[in-house]
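Subject: Structure handover

Hi,

Here is the structure I promised to pass on to you. Please open it alongside this note, and I will walk you through what turned up.

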Amino acid sequence: MPLALYALTAGAFGIGVTEFVIMGLLIDVSKDLGVSISAAGLLISGYALGVVIGAPILGAIAGKWSKKTLLMALMVVFTVGNLACAIAPDYWTLMAARVLTAFAHASFFGVGSVVATSLVAPNKKASAIAIMFTGLTVANILGVPFGTWLGQAYGWRATFWAVTLIGIVAFAVIAALVPKDNAADDKQEASQGVLAVLGRRSVILGLLTTVLSWVGVFAGFTYIAPILTQITGFSEAAVSPILLVFGGGLVVGNLFGGWLADRHLIPTIVGSLVALAVVLLAMTAAIHQPVLAVIAIGLFGAAAFATVSPLQMWVLAKAEGAGQGLASSFNIAAFNLGNAIGAWLGGAVIDHGPGLGSVTFVAGLVPIAALAVALIAIRLDRRSADNAALASPAE
């Protein structure tokens, strides 16, 4: 694979750390800032909503700059946002800084997905996307556990100082390795792509599938630290090593999902959604036994990220010729809209529903809805293809 692809992976690593490390620091942030755990969980929702808002705003800018220039600018936004998190004096300032940081997220992965697929052969496009997203998975194996340990040992602000340094390094690597491109083509894509993307039924259904699948993921994952400490009975110090198991699952699921998607895209989408629902539902019982809980969390990571590159590739394929960069950014925003709703849903289950022990059960029901939407989209696509074949003149 080209070195430029691994430069994108470096940026993805930094974004992955800042997005996910807050889960392991919820208890520390809530104590330091004097807010409840569910209120601290809203910092995840705020970040996710920032991704959703940033996608269309920065999508318009994407057409005026080359992809390389945009990627570098996004890393500047990311770095400044994390610096603001590190020095935030109160909860609402931290929330605003998280939203600012999130603005870079959707466009980075959206534009990065298009750049990644342009660097490889057609039969390796999903794998290229998976390699870029490996930055997220490695962030969960190395960055998030280390960031959680760092925050617990030296205060949660130290973690954001460390992520700020990661942003500077990622900017330098992207500047050095990502090839230059022509902004003129992107400008035409931006001017013509939005309406074309939003007007395609298959793209909309693909985005809805993404949202629903990650509502389930984040409803379960947002509150993983309190689940492990209050339900399973682990100490706070044990959370970081267990997150390492989750991160290992992410790497395996991400690469395996990309490999399968390059060969059988639609079956991979269906199978990964089924696996996600089954694992989350099974976790409801597993979290009451330490060994089973750790195994289930590893499987949860694998099932969650096995959906990522297939869903991203599906939307890119449906947006062919209609602004792929924008469609890709919207799908990243869809992931994060699911994150925001999922974090809220998990908090609602804790505060107003059956409680912390039922979070994974409720989370497991949502990917079933995602599967239903995906199957509807697949059926409609097949019907459209059949109609087109019937309408074509016989040879």
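Rings of Phe, Tyr and Trp (its six-membered ring) count as a pair if their centres lie within 6.5 Å, and planes over 60 degrees apart make the pair edge-to-face. Phe 108 has a relative accessibility of 0% and counts as buried, and Phe 109 is buried with a relative accessible area of 0%.

Another edge-to-face pair is Trp 156 with Phe 160, at 6.0 Å centre to centre and 85° between the planes. Both residues sit in helix α7 (residues 156-177), four residues apart, which is about one turn of the helix. Trp 156 and Phe 160 are both buried. There is also a cluster linked by ring pairs, made up of Trp 214, Phe 218, Phe 221, Phe 246, Phe 300, Phe 305 and Phe 335.

Before going further, a word on confidence. This is a predicted model. The average pLDDT of the protein is 84, and 89% of the residues score at least 70. Confidence is lowest in helix α8 (residues 183-198), with a mean of 54, and highest in helix α12 (residues 265-286), at 94.

Now for charges. The count of salt bridges comes to one. Lys 31 and Glu 236 form it, with their closest N and O atoms 3.9 Å apart. Lys 31 belongs to helix α2 (residues 26-33), while Glu 236 is in the loop between α10 (224-232) and α11 (239-263), so the pair ties together parts that are 205 residues apart in sequence. Lys 31 is exposed, with a relative accessible area of 62%, whereas Glu 236 is partly exposed at 34%.

What about the surface and the covered parts? On the surface, Val 76, Val 80, Leu 100 and Phe 171 form a nonpolar patch, and together they have about 300 Å² of accessible area. Val 76 is part of helix α4 (residues 67-87). With a relative accessible area of 42%, Val 76 is partly exposed.

Helix α14 (residues 308-318) is mostly covered, with nine of its 11 residues buried. Among the buried ones are Pro 310, Met 313 and Trp 314.

Two more residues may be handy when you browse:

- Thr 360 is found in helix α16 (residues 359-391). Thr 360 is buried, with a relative accessible area of 1%, and its side chain makes a polar contact of 3.1 Å with the side chain of Thr 284.
- Gly 112 has its place in helix α5 (residues 91-118). Gly 112 is buried, with a relative accessible area of 0%. The C-alpha atoms of Gly 112 and Lys 68 are separated by 9.1 Å, with the two residues 44 apart along the chain.

That is the tour. Happy browsing, and do write back with any questions.

Best wishes

Terms used: Residues are numbered from 1 along each chain as its sequence is written. This is a predicted model: local features need pLDDT of at least 70, side-chain atom pairs count only at pLDDT 80 or more; totals for chains, interfaces and linings use all residues. Side-chain values use heavy atoms; hydrogens and water are left out. Patches are made of residues with over 30% relative accessible area and no salt bridge: like charges are joined within 9 Å, nonpolar side chains (Val, Leu, Ile, Met, Phe, Trp, Tyr) within 5 Å. Accessible areas come from the Shrake-Rupley method with a 1.4 Å probe; for residues, only the protein chains shown count as cover. A salt bridge is a side-chain nitrogen of Lys or Arg within 4 Å of a carboxyl oxygen of Asp or Glu. Helices (H or I, at least four residues) and strands (E, at least two) are DSSP runs, numbered from the N terminus. Buried means under 20% relative accessible area, exposed over 50%, partly exposed in between (1.4 Å probe, protein chains only). Rings of Phe, Tyr and Trp (its six-membered ring) pair if their centres lie within 6.5 Å; planes under 30 degrees apart count as stacked, over 60 as edge-to-face and the rest as tilted. pLDDT is the predictor's confidence in each residue, from 0 to 100. A polar contact is a pair of N or O atoms within 3.5 Å; within protein, one must be able to donate a hydrogen and the other to accept it, and residues adjacent in sequence count only if both atoms are side-chain atoms.
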